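The following exercises concern one protein chain. Please work through each task with the structure at hand before reading its solution.

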Amino acid sequence: MEAHMQGLAKINIHLVTMLLLLIGSLLLCTQVVGADSKHVSIKNKLGSGRNMTLHCQSKDNDLGEHNIGDGDEFGWDFSDNVIGTTLFYCDLGWGNVQEFHFDAYSFGRDHVRCNSGCSWLVSVEGIYGLNGQTGFWEFIYHWPN
């Protein structure tokens, strides 16, 4: 019986050691990912003095509603989460376009495309996104009819 108890104690020590190593690895990964800061910028290029409203948020961060003047922009900094599910989405409105919902940053789509930042231009045609790999603006979102 005593030998059995010693065996269980050794297993428990190994489990605790493995758990501590796992926690340490996750903390290290969080620091490494956290060091890789991203920036999202959304610029109003509607022209003719048109303002737009913008409300962006993630699951954890509500960035509030902002009125963005023609030629102005709104931006924020963040870091991707460890599990690669970071998502910031926005509701945008101007003129006849109200509460247009779009993803300003989606890890699956943007972690490579955006490099260290995601830049967006809001125009009367729709929304353009800068491809950080090619350096070209791409037409990403159309306004609804």
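A residue is called buried under 20% relative accessible area, exposed over 50%, and partly exposed in between (1.4 Å probe, protein chains only). The model is a predicted one: local features need pLDDT of at least 70, side-chain atom pairs count only at pLDDT 80 or more, and totals for chains, interfaces and linings use all residues. Residues are numbered from 1 along each chain as its sequence is written, and side-chain values use heavy atoms, with hydrogens and water left out.

**Exercise 1. The chain as a whole**

Describe the order of the elements in the protein chain and the share of its residues that is buried.

Solution. 

Step 1. Helices (H or I, at least four residues) and strands (E, at least two) are taken as DSSP runs, numbered from the N terminus. The protein chain holds two helices and nine strands, in the order α-β-β-β-β-β-β-α-β-β-β from the N terminus.

Step 2. Of the 145 residues in the protein chain, 29% are buried.

Step 3. Contact is defined as heavy atoms within 4.5 Å. Among contacts with a separation of 6 or more, 48% are made by residues 24 or more positions apart.

Step 4. Accessible areas come from the Shrake-Rupley method with a 1.4 Å probe; for residues, only the protein chains shown count as cover. The protein chain exposes about 9,100 Å², and carbon and sulfur atoms supply 58% of this area.

**Exercise 2. The disulfides**

Identify the disulfides of the protein chain and the pattern that they follow.

Solution. 

Step 1. A disulfide is assigned to a pair of cysteine sulfur atoms within 2.5 Å. By this rule there are two disulfides.

Step 2. C56 and C90 form a disulfide with their sulfur atoms 2.0 Å apart. This pair links distant parts of the chain, as C56 is in strand β2 and C90 in strand β5, 34 residues apart.

Step 3. The torsion about the S-S bond of C56 and C90 is about 105°, so this disulfide is right-handed.

Step 4. Is C56 buried or exposed? Its relative accessibility is 1%, so C56 counts as buried. C90 is likewise buried, because its relative accessible area is 0%.

Step 5. C114 and C118 form a disulfide with their sulfur atoms 1.8 Å apart. With 75° about the S-S bond, this link of C114 and C118 is right-handed, and both C114 and C118 are buried.

Step 6. Counting bonded cysteines along the chain, the pattern is 1-2, 3-4.

**Exercise 3. The open sheet**

Determine the strand order of the open sheet of four strands and find which strands stand at its edges.

Solution. 

Step 1. Two strands pair if DSSP finds at least two bridges between them. The order in this sheet is β3-β2-β5-β6, with antiparallel pairing.

Step 2. β3 (62–68) and β6 each have a single partner strand, so one side of each is left without a neighbour in the sheet.

Step 3. Neighbouring strands of this sheet are turned by 15° against each other on average, direction ignored; the axes are lines fitted to C-alpha atoms, for helices over the stretch in contact, and angles run from 0 to 180 degrees between N-to-C directions.

Step 4. Five bridges join β2 and β3 in the antiparallel sense. M52 has I68 in β3 as its bridge partner.
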